[in-house]
Amino acid sequence: MKGTEQFNQTIKAYLDERAKNDELFKAMYEKVNRPIEEITTFIINEVKKSGRCGFADEEIFGLAVHAAETENLEIGKSTNCSVVINHHLELTEEEKAEQKALALKRFQDEEYRKLEQRNKPKPKPQVEKQPQASLFDEF
């Protein structure tokens, strides 16, 4: 899934959750009924205008709320860009143990390969044998 699709889903999930918990927001959100693509386009254009590269979640969600509840809002043109979002994953204890075991196995395999390389006999360079001169040879 592309970053922008994940961004759209993240913003939509936030707005839907906020609408469940905030009746005033819910009324404006339903009244304006702006598509999520327009909301994320507005956010991206505002981010671009700011010239900054990183934002706190609250800043982005604040822009989303503003776009979702403001009727006469200049959205701007859609921009071809990539959006990076950070999701915090919670692993179960079983998944943590599985990942730890995989990491340990990879580490052991790498160390074993290093030991094999270190203990591997190095080939000796072949030196051409030159005939040794004898006292009895004629010149």
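Is Gln9 buried, partly exposed or exposed? This is a predicted model, and in it Gln9 has 49% relative accessibility, so it counts as partly exposed. The cut-off for exposed is over 50%. Gln9 sits in helix α1.

Asn8 has a relative accessible area of 16%, so it is buried, the limit being under 20%. Setting aside neighbours within four places in sequence, Asn8 contacts Ile36, Glu37 and Thr40.

Next, Ile11. With neighbours within four places in sequence again left out, Ile11 touches Ile36, Ile39, Thr40, Ile43, Ile60, Phe61 and Ala64. Ile11 is also one of the residues that touch the most other members of the largest nonpolar core, together with Phe7, Leu15, Phe25, Ile39 and Ile43. That core has 20 residues. Two or more residues come from each of α1 (3–21), α2, α3 (36–50) and α4. Which element gives the most to this core? It is α4, with 6 residues. As background, nonpolar side chains in soluble globular proteins tend to be buried together.

Now the packing of α2 against α4. Helix α2 covers residues 23–32 and helix α4 covers residues 57–69; their axes are 7 Å apart, at an angle of about 60 degrees. Because of that angle, α2 is oblique to α4. On the α2 side the contact is made by Phe25, Met28, Tyr29 and Val32, and on the α4 side by Val65, Ala68 and Glu69. By type, the contact residues are 6 nonpolar, no polar and 1 charged.

On to α3. How far does α3 reach from its first C-alpha to its last? The 15 residues of α3 reach 21 Å, close to the 21 Å expected at 1.5 Å a residue. Its buried residues are Ile36, Ile39, Thr40, Thr41, Phe42, Ile43, Ile44 and Asn45. After α3 comes Gly51, with a positive phi near 80 degrees.

Val47 belongs to helix α3. Apart from neighbours within four places in sequence, Val47 is in contact with Arg52, Phe55 and Ile60. Between the C-alpha atoms of Val47 and Ala67 the separation is 13 Å, at 20 residues apart along the chain.

Two loop residues remain. Asn33 is in the loop between α2 and α3, and its relative accessibility is 61%, so it counts as exposed.

The other is Ser82, in the loop between α4 and α5 (93–119). Ser82 has a relative accessible area of 66%, so it is exposed as well. How far apart in space are Ser82 and Glu5, C-alpha to C-alpha? They are 9.9 Å apart, while in sequence they are 77 residues apart.

Note on methods
Residues numbered from 1 in each chain as written. Predicted model: local features only at pLDDT ≥ 70, side-chain atom pairs only at ≥ 80, totals over all residues. Heavy atoms only, no water. Axes fitted to C-alpha atoms, helices over the stretch in contact; angles between N-to-C directions. Helix = DSSP H or I, 4+ residues; strand = E, 2+ residues; numbered from the N terminus. Parallel < 35°, antiparallel > 145°, perpendicular 65-115°, else oblique. Contact = heavy atoms within 4.5 Å. Nonpolar A, V, L, I, M, F, W, Y, C, P; charged D, E, K, R; others polar. Core = buried A, V, L, I, M, F, W, Y, C linked by side-chain atoms within 4.5 Å. Buried < 20%, exposed > 50% of the residue type's maximum accessible area, 1.4 Å probe, protein only. Expected span 1.5 Å × (residues − 1).
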